[in-house]
Amino acid sequence: RHDRQEEDLQHFHKLRNSCTAKMDQSVSDHYSSAILEAAGDQKQLFNIVDSLTDANSENPMPESESPSQLANDFGHFFVNKVTGIRSQIDSTECDPPVMSPCHPSNGQVLESFNIVSELEICKLIRESKSSTCSLDPMPTTLVKDCLDIVTTIITKMVNASLQSGVFPDKWKEAFVTPLLKKPGLDLIFKNYRPVSNLCFISKITEKAVVNQLMYHMEKNCPLPAYQSAYCPHHSTETALL
C-alpha cells in the first residue's frame, strides 16, 4: 500500500486467493469427514445439513434483565420441574410391577468392574462423536489427533473411577442449553427443553461401564429377545414385527 506498485498488488492478490482456497478446502474437508463419520446415523446427518443451511441457527430466549438472571431462572425452573415429577411419582398409589428375577445361568454375579486397557480406551475414543463440551480442557478432535499421547492418561482416569467405585462430581457437571421445543412457540419456560452436554471423559467412562454391563447381561442374563427399544440395529420396523 505504501509503495503502490502494481506487482505488489498482484502478489497480494495471489496470496489472498491462495489463502481463501486453503480455507475453503479446509471447510470442505471438515464437512466431508463429518459426513463420513456420521454414516448410518440419520440424526447426525440431519444435524450436519441443518448446520450448513442454518436451519436451527435461531434459538430465541425469553426477555430478561440480564443473561445471568435468565440462566438462574431457567435453572430454578428445570430443578423445580424434576422435583415436581418426583413428588407426583412418590404420591401415586399403585401395586409394584411383578418382575421375575434374573438368575445367571452359570452363577456368575457382577460384583465389580474390570480395569480397561489402553487399547479399549483408544477404541472407545475413536468410535465416539467429535462433539465437544465447553467444560473440556481440549477439543475432542484434538484428543483424537493426539491419542498416542493422551490415551495413557485417560485410561488411568477411567480405571481409577472403576476401581474406587466413585464417579467424580466434576464429571457430573454439564453445560445446559435450553432449546425451544418447536419453532413458533411462546417464549415461556415450559416450552423449552434442557439439553445437557457432559465433558468427554465422563462419556468415555460411561461407555466403558456400559460395555461391561452389556457383556455380562448377554453372557449370563440375556435381554428379552423381542425387545427393540435401545438395542443396536433395531428400530420401529423390528418393533412392529
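Colleague: Let's start with E173. How exposed is E173?

Modeller: E173 comes out as partly exposed, at 38% relative accessibility. Keep in mind that this is a predicted model.

Colleague: And which residue does the E173 side chain meet in a salt bridge?

Modeller: That's K170, with an N to O distance of 3.8 Å. K170 itself counts as exposed, since its relative accessibility is 59% and the exposed class starts over 50%.

Colleague: How many salt bridges turn up in the whole structure?

Modeller: Four, if you search the whole thing. One of them joins K144 and E37, at 3.4 Å from N to O. K144 sits in helix α5 (residues 140–145) and E37 in helix α1, so this pair ties together parts that are 107 residues apart in sequence.

Colleague: What about E127, what does E127 form a salt bridge with?

Modeller: With K123, and the closest N and O atoms there are 2.6 Å apart. Both residues belong to helix α4 (residues 118–127), four residues apart, so about one turn of the helix. E127 is exposed, its relative accessible area being 54%.

Colleague: OK, switching to packing. How do the axes of α1 and α2 cross?

Modeller: Helix α1 (residues 6–37) and helix α2 (residues 42–53) have axes that come within 9 Å and cross at roughly 155°. Anything over 145 degrees counts as roughly antiparallel, so that is how these two helices run relative to each other. The crossing is left-handed.

Colleague: Which residues make that contact?

Modeller: On the α1 side, Y31, A34 and I35; on the α2 side, L45, I48, S51 and L52. By type, that's six nonpolar, one polar and no charged.

Colleague: Last one: where is T155, and is T155 buried or exposed?

Modeller: T155 is in helix α6 (residues 147–164). T155 is buried, with a relative accessible area of 5%.

Colleague: What is T155 in contact with, leaving aside its neighbours within four places in sequence?

Modeller: V116, S117, E118 and I121.

Key. Residues are numbered from 1 along each chain as its sequence is written. This is a predicted model: local features need pLDDT of at least 70, side-chain atom pairs count only at pLDDT 80 or more; totals for chains, interfaces and linings use all residues. Side-chain values use heavy atoms; hydrogens and water are left out. Axes are lines fitted to C-alpha atoms, for helices over the stretch in contact, and angles run from 0 to 180 degrees between N-to-C directions. Angles under 35 degrees count as roughly parallel, over 145 as roughly antiparallel, 65 to 115 as roughly perpendicular and the rest as oblique. A crossing is left-handed if the near helix is turned anticlockwise from the far one by less than a right angle, and right-handed if clockwise. Contact means heavy atoms within 4.5 Å. Ala, Val, Leu, Ile, Met, Phe, Trp, Tyr, Cys and Pro count as nonpolar, Asp, Glu, Lys and Arg as charged, and the others, Gly among them, as polar. Buried means under 20% relative accessible area, exposed over 50%, partly exposed in between (1.4 Å probe, protein chains only).
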